[in-house]
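Subject: A structure for you to look at

Hi,

Here is the structure I promised to pass on. Please open it next to this message and follow along as you read.

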Amino acid sequence: QVFASASCAHAAVHNRHTCIAHGGAVRRYLVSTRRNAKVRYDVVASTAASYARLIHCHKVICPPGSVGCMLPALVKVPGTTATVASASLSPNTQKWYEHLAAAQIELETMEVLELTEDEQVMQDENGMEFV
């Protein structure tokens, strides 16, 4: 499931952000690369509902800088996993992962994937760059 927040949808309506289009691009990518997976794209109004789904779903993939994805990834239920991308261009979450590493805290349900400089900036099908 690909989630978008209500504020993302509201911003898209007022032409202030492209997160709705980005979520659609992520969904299309997952559909094309994961043929056996059912991929949904939902706008979820409740943060609590999003967190509950993220905590209990089988696999979570968090983009760099996404605190809203990182927090549920830290408390995944046993038997589920999270892969969280960490990037120097997204300092709002980078420090969290540095503290976890410094404290030698290992979470069996979460893997932190360090992105290189080249992997941190991507383009969607319209050539728009995003981190």
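Below is what turned up, going from the whole chain to single residues.

A word on the ground rules. This is a predicted model, in which local features need pLDDT of at least 70 and side-chain atom pairs count only at pLDDT 80 or more, while totals for chains, interfaces and linings use all residues. Residues are numbered from 1 along each chain as its sequence is written, and side-chain values use heavy atoms, with hydrogens and water left out.

**The chain as a whole**

The chain contains six helices and seven strands; these are DSSP runs numbered from the N terminus, with H or I over at least four residues for helices and E over at least two for strands. In sequence order the pattern reads β-α-α-β-α-β-α-β-α-β-α-β-β. Of the 131 residues, 31% are buried, a word used for under 20% relative accessible area, with exposed meaning over 50% and partly exposed in between (1.4 Å probe, protein chains only). The accessible surface is about 8600 Å², and carbon and sulfur atoms hold 57% of that surface; the areas come from the Shrake-Rupley method with a 1.4 Å probe, and for residues only the protein chains shown count as cover.

**A sheet of three strands**

Look next for an open sheet with the order S3-S4-S5 and parallel pairing. Strands pair when DSSP finds at least two bridges between them. S3 and S5 are the edge strands, each pairing on one side only. Four bridges link S3 and S4, where Val60 stands opposite Ala82. S4 and S5 are joined by five bridges, and here Val84 faces Val112.

H4 covers residues 67-74 and lies across S3, S4 and S5, at about 140° to S3. Axes are lines fitted to C-alpha atoms, for helices over the stretch in contact, and angles run from 0 to 180 degrees between N-to-C directions. Its buried residues are Cys69, Met70, Pro72 and Ala73, and they pack against H3, S3, S4, H5 and S5.

Which residues form the largest nonpolar core? There are eleven: Leu54, Val60, Cys62, Cys69, Met70, Ala73, Ala82, Val84, Tyr97, Leu100 and Met110. Such a core is a set of buried Ala, Val, Leu, Ile, Met, Phe, Trp, Tyr and Cys residues joined through side-chain atoms within 4.5 Å. H4 gives the most, with three residues.

Contact here means heavy atoms within 4.5 Å, and neighbours within four places in sequence are set aside. Val60 is in contact with residues including Leu54, Cys69 and Ala82. Ile61 lies in S3, and counts as exposed because its relative accessibility is 61%. Its contacts are Cys69 and Thr83. Asp42 is in contact with Gln1, Val2, Phe3, Ala4 and Arg53.

Enjoy exploring!
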